[in-house]
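Dear colleague,

Please find below the structure for your review. My findings on its helices and charged side chains follow.

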Amino acid sequence: MTAPGGGSGDRRDEAAELAAALGDTRWQPPRVTPLDRRLAVDRDSVERGLASLVLTVIELLRQLMERQALRRVDLGDLTEEQVERIGTTLMALEEQMTGLREYFGLAPEDLNLDLGPLGPLLPTD
């Protein structure tokens with residue numbers, strides 16, 4: 001006897017009943033296999049992949065901030081001190097990104113995702 005709300009066995013029975021009611025006699029319950037059999041996972045590739053994803057997002061934001069800063073400089077609405085501070089900050093961020101890429105063994109092009117028909121995520125200029 002199962003508790004109210006049903007266990008996984010009840011859900012399979014409900015799914016079979018629904019499939020039968022819809023006239024699908026080919027329905028089979030999904031075959032469940034352990035995750036490690038379906039995916040070849042090793043710690044290094046997972047770490048490198050996650051680092052690549054995070055650094056890609058950070059690089060995208062860095063480039064957007066740089067473009068916004070250049071736009072504001074071109075408009076002339078920043079003081080010389082603000083321009084200097086923005087330039088110093090952006091250079092420091094770029095140095096940190098270079099260090100992180102080297103630490104994880106990633107090249108700059110590794111951070112540029114191919115979006116298919118949309119082209120690359122990051123500009124290549």
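The side chains of Arg62 and Glu59 meet in a salt bridge, with N to O at 2.8 Å; the term denotes a side-chain nitrogen of Lys or Arg within 4 Å of a carboxyl oxygen of Asp or Glu. This is a predicted model, in which local features need pLDDT of at least 70 and side-chain atom pairs count only at pLDDT 80 or more, while totals for chains, interfaces and linings use all residues. Residues are numbered from 1 along each chain as its sequence is written, and side-chain values use heavy atoms, leaving out hydrogens and water.

Arg62 and Glu59 lie three residues apart in helix α3, about one turn of the helix; helices are DSSP runs of H or I, at least four residues, numbered from the N terminus. Arg62 is buried because its relative accessible area is 7%, and Glu59 is likewise buried at 9% (buried is under 20%, exposed over 50%, partly exposed in between, with a 1.4 Å probe and protein chains only).

The structure holds six salt bridges. Another of them joins Glu81 to Arg85, with the closest N and O atoms 3.8 Å apart. Both residues lie in helix α4, four residues apart. Glu81 is exposed, because its relative accessible area is 59%. Elsewhere, salt bridges that share partners link Glu59, Arg62, Glu66 and Glu94 into one network.

In α4, the buried residues are Leu90, Met97 and Arg101. These pack against α3 (43–75), where contact means heavy atoms within 4.5 Å.

Yours sincerely

Technical notes:
Helix = DSSP H or I, 4+ residues; strand = E, 2+ residues; numbered from the N terminus.
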